[in-house]
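Student: Could we go through this one together? I'd like to start with a single side chain and then move on to charges and the surface.

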Amino acid sequence: MSGSLNQIREKPFYKLLLGRTTLPLVTILGIGILYVVLMSMVDHKSLPFHIIIVTAALGKTIVITMTTLKRLSKLIKICNSLERLLWVFGLIIIISIFSFATDYACLFQFSPTTFEGVPDYSNSYLYNLYHFFYFSVITFSTVGYGDIIPTSDVARFVVMLEIFLSFFLIVFALANIKKIHING
């Protein structure tokens, strides 16, 4: 009986969480769809595609940072469990990692010389997205194995944006962990 009562109490929190992360989710999905359309329908070699990717990456970083500062900080104040806090930060981290993976994959599709170490036996966007998701996880966690290396200035700038966002989110999480009021 108490388990179902806890589920009823938790539902508004998860609705709030989804509502507060809608803007970055829609932004990232929209830019991801734009990437796929531009990569498949437009001759991206003739466009300044690398500038489009840098601009989109910078915009997404700003949206994720502002969402974290404004919307999620309010949501953290009503967190009353570690599980909820982990949902908040887990979702924003997954959004960030996937966002940068799409940037890296598009940069690689635009010019395969922007990264070294990516297996070149497939030219599929989804296959490359898998490898760049791995690279994004390694970059976000600041492990940096060195198996995939950004070689162009544009790729290095986008990697620096991801590292900045990763440090920001970690510092933000540590600064707000004291705001949890555990009911029990």
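Student: Is phenylalanine 89 buried or exposed?

Tutor: Phenylalanine 89 counts as buried, at 8% relative accessibility, where buried means under 20% relative accessible area, exposed over 50% and partly exposed in between, with a 1.4 Å probe and protein chains only. This is a predicted model, in which local features need pLDDT of at least 70 and side-chain atom pairs count only at pLDDT 80 or more, while totals for chains, interfaces and linings use all residues. Residues are numbered from 1 along each chain as its sequence is written, and side-chain values use heavy atoms, with hydrogens and water left out.

Student: And where is phenylalanine 89?

Tutor: Phenylalanine 89 sits in helix α4, helices being DSSP runs (H or I, at least four residues; strands are E, at least two) numbered from the N terminus.

Student: OK, charges now. How many salt bridges are there?

Tutor: A search of the whole structure finds two, a salt bridge being a side-chain nitrogen of Lys or Arg within 4 Å of a carboxyl oxygen of Asp or Glu. One of them joins aspartate 103 to lysine 60, with 2.8 Å between the closest N and O atoms. That pair links distant parts of the chain, since aspartate 103 belongs to helix α4 (residues 82–110) and lysine 60 to helix α3 (residues 49–77), 43 residues apart.

Student: Are aspartate 103 and lysine 60 buried or exposed?

Tutor: Aspartate 103 is buried, with a relative accessible area of 0%, and lysine 60 is buried as well, at 1%.

Student: What about aspartate 153, which side chain does it meet?

Tutor: Aspartate 153 meets arginine 156 in a salt bridge, at 3.5 Å from N to O. Both residues lie in helix α6 (residues 153–176), three residues apart, which is about one turn of the helix. Aspartate 153 is exposed, at 62% relative accessible area, whereas arginine 156 is partly exposed, at 41%.

Student: Switching topic: which residues form the nonpolar patch on the surface?

Tutor: Leu58, Ile62, Met66, Leu69, Phe157 and Met160 form it, with about 510 Å² of accessible area together. Such patches take residues with over 30% relative accessible area and no salt bridge, joining nonpolar side chains (Val, Leu, Ile, Met, Phe, Trp, Tyr) within 5 Å and like charges within 9 Å; the areas come from the Shrake-Rupley method with a 1.4 Å probe, and for residues only the protein chains shown count as cover.

Student: Which element gives the most to the patch?

Tutor: Helix α3 does, with four residues. Isoleucine 62 is found in α3 and is partly exposed, with a relative accessible area of 47%.
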